Amino acid sequence: MSRIGKLPIVIPAGVEIKKENHVITVKGPKGTLSQKVDPSVNVEIENGEMTFSINEDSPVNIKQKQAFHGLYRALVNNMVVGVSTGFQKTLELVGVGYRVSNQGNLLEFALGYTHPIFLMLPEEVKVETKSERNQNPIIILESCDKQLLGLICAKIRSFRKPEPYKGKGILFKGEVIRRKSGKSASAK
């Protein structure tokens, strides 16, 4: 059995969970999320706790059942945390002339290309940009859906990945880029 899958999920106050036809719907103050669960995993909701167990009658092989056990527990736990407290990611633009601005959920990037890059974000994601003098521009993204938030961060990061020579690019706040010395360091 999965170590993660055995852990119960404590349902916080203000969060409502429904289970019907292998679809779990979690509703809370930050939003509503739903996830389809494989029939090889049993889900029980009792006394403000949600537990997951392996369905022994399922025709799926045991390795796959164990993988699903931990996977669906983690996904539902992320949903519960998301609708109750939410998730936040902070991205930083490092480079001369790199800028970002937003109008609602439309982001506009100036990343050293000949053209600006526009990205329209879904309504589930709240965005805030900060540009202060003598500091790198910052993008703050908030959402109740952890998967969607990670997908959007990966898309934004793909516009200018951090490079190891000068350290320029879009990176997560606090991320450390391993720096490489250039050709001049080895030509001695």
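This report covers a strand sheet, the helix on it, and some ring contacts.

The model is predicted: local features need pLDDT of at least 70, side-chain atom pairs count only at pLDDT 80 or more, and totals for chains, interfaces and linings use all residues. Residues are numbered from 1 along each chain as its sequence is written, and side-chain values use heavy atoms, with hydrogens and water left out.

**Sheet and helix**

Three strands form an open antiparallel sheet, ordered E2-E3-E4. Strands are DSSP runs of E, at least two residues; helices are runs of H or I, at least four. Pairing requires at least two DSSP bridges between two strands. Strand E2 (16-20) and strand E4 (31-36) are the edges, each pairing on one side only. Strand E3 (residues 23-28) pairs with E4 over six bridges, in the antiparallel sense. Lys27 stands opposite Thr32 in E4. Helix H2 (residues 62-84) packs on this sheet and touches E2, E3 and E4. Contact means heavy atoms within 4.5 Å.

**Rings**

Phe68 and Tyr72 both lie in helix H2, four residues apart. Both are buried, that is, under 20% relative accessible area with a 1.4 Å probe, protein chains only. Their ring centres are 5.6 Å apart and their planes at 45 degrees, so the pair is tilted. Rings pair with centres within 6.5 Å; planes under 30 degrees apart count as stacked, over 60 as edge-to-face, the rest as tilted.

Two charged ends sit over rings, as tabulated. The rule needs NZ of Lys or CZ of Arg within 6 Å of the ring centre and within 35 degrees of the ring normal.

| Charged residue | Ring | Distance to ring centre |
|---|---|---|
| Lys89 | Phe172 | 5.5 Å |
| Arg160 | Tyr113 | 4.3 Å |

Notes: Axes are lines fitted to C-alpha atoms, for helices over the stretch in contact, and angles run from 0 to 180 degrees between N-to-C directions. Rings of Phe, Tyr and Trp (its six-membered ring) pair if their centres lie within 6.5 Å; planes under 30 degrees apart count as stacked, over 60 as edge-to-face and the rest as tilted. Buried means under 20% relative accessible area, exposed over 50%, partly exposed in between (1.4 Å probe, protein chains only).
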